[in-house]
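Hi,

Here is the structure for your files. My notes on it follow below.

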Amino acid sequence: MASSISKMFSILDLFKIGNPVLSGEDIIAGMDCSRPQAYRYLKALCDAGFLARSAGSYRLGARAIELDYIVRESDPLLKAAVPAMQDVRRDTGCDVLLTSLVGERIITIHHESGMDPTTVSYGRGRAMPLFRGAGSKTILASLPFAKAHRLYQLHYAADPSPVLGVNWEEVSRSLKQIKKLGHAISEGELDPENVGISAPIVFGNPPLHASVVLVLGQVRYKTTDRERIVHIVKNLSANINKTLLLN
């Protein structure tokens with residue numbers, strides 16, 4: 001049963017920004033199951049509102065919007081983080097992101113837009129590169145060794161990071177250093193003109209791994225007190241963790 005459910009929901013992974021509408025044949029080609037089974041899955045997802053069918057093609061359905069609303073209103077991490085992120089955005093004028101590990105993806109789950117003339121490509125709802133960017137690296141550094149190693153084995157070859165290293169020995173050494181420092185800084189890894197400074201958030205049992213990222217332009221970063229901006233990000237992370245523990 002679990003395997004069938006997993007296969008059914010894996011259909012949703014086929015939809016991307018560049019491929020928002022797929023034919024039944026496109027979906028069947030991407031599935032590891034028979035044609036009748038694939039169409040049963042498609043019908044079930046349409047009936048539940050996760051997909052919508054039109055003229056023989058499929059797109060994501062409105063049920064995702066309803067679930068997004070419920071998450072925004074009830075998620076404890078968002079409730080703890082958003083007010084603190086808004087304070088930092090007002091005080092610094094910088095963009096502030098909240099990212100979270102979801103399965104084998106790191107996704108931006110909230111974005112406070114600042115006053116800097118920066119373009120943040122990885123806004124709310126978009127998956128981050130696993131091994132690039134300050135937010136992803138602080139999350140990876142906070143993971144148990146075996147879990148970080150598994151993600152490396154599954155995904156690093158497809159999108160390596162020269163900053164972290166060329167093999168697991170170098171990558172693990174880089175992640176240990178980030179964990180020791182308690183923060184990560186990335187310059188131009190996601191958007192060429194931007195710098196990201198991030199600190200981890202870990203809470204719950206089993207633990208949820210997330211991070212906050214402050215984003216500013218490279219020009220401003222060069223004239224900013226680096227220790228002060230790192231302190232702001234670490235303090236933001238600590239305040240969010242404290243709020244989560246109290247609630």
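Axes are lines fitted to C-alpha atoms, for helices over the stretch in contact, and angles run from 0 to 180 degrees between N-to-C directions. Helices are DSSP runs (H or I, at least four residues), numbered from the N terminus.

This is a predicted model: local features need pLDDT of at least 70, side-chain atom pairs count only at pLDDT 80 or more, and totals for chains, interfaces and linings use all residues. Residues are numbered from 1 along each chain as its sequence is written, and side-chain values use heavy atoms, with hydrogens and water left out.

**Helix pair.** Helix α7 (residues 145-155) packs with helix α8 (residues 168-181) at an angle of about 135°. Their axes are 11 Å apart. In contact (heavy atoms within 4.5 Å), F145, A148, H149 and Y152 of α7 meet W168, V171 and S172 of α8.

**Faces of α7.** A148, L151 and Y152 are buried (under 20% relative accessible area, 1.4 Å probe, protein chains only). Seen down the axis of α7, the buried residues fall within an arc of 105°, so they line one face (the arc is that of directions from the helix axis to the C-beta atoms). They pack against α6 (134-142) and α8. The face turned away carries A146 and Q153, both exposed (over 50%).

**N241.** This residue sits in helix α10 (residues 226-246). N241 is buried, at 17% relative accessible area. Leaving out residues up to four places away in sequence, N241 touches P200, I201, V202 and F203.

Best wishes

Methods. Helices (H or I, at least four residues) and strands (E, at least two) are DSSP runs, numbered from the N terminus.
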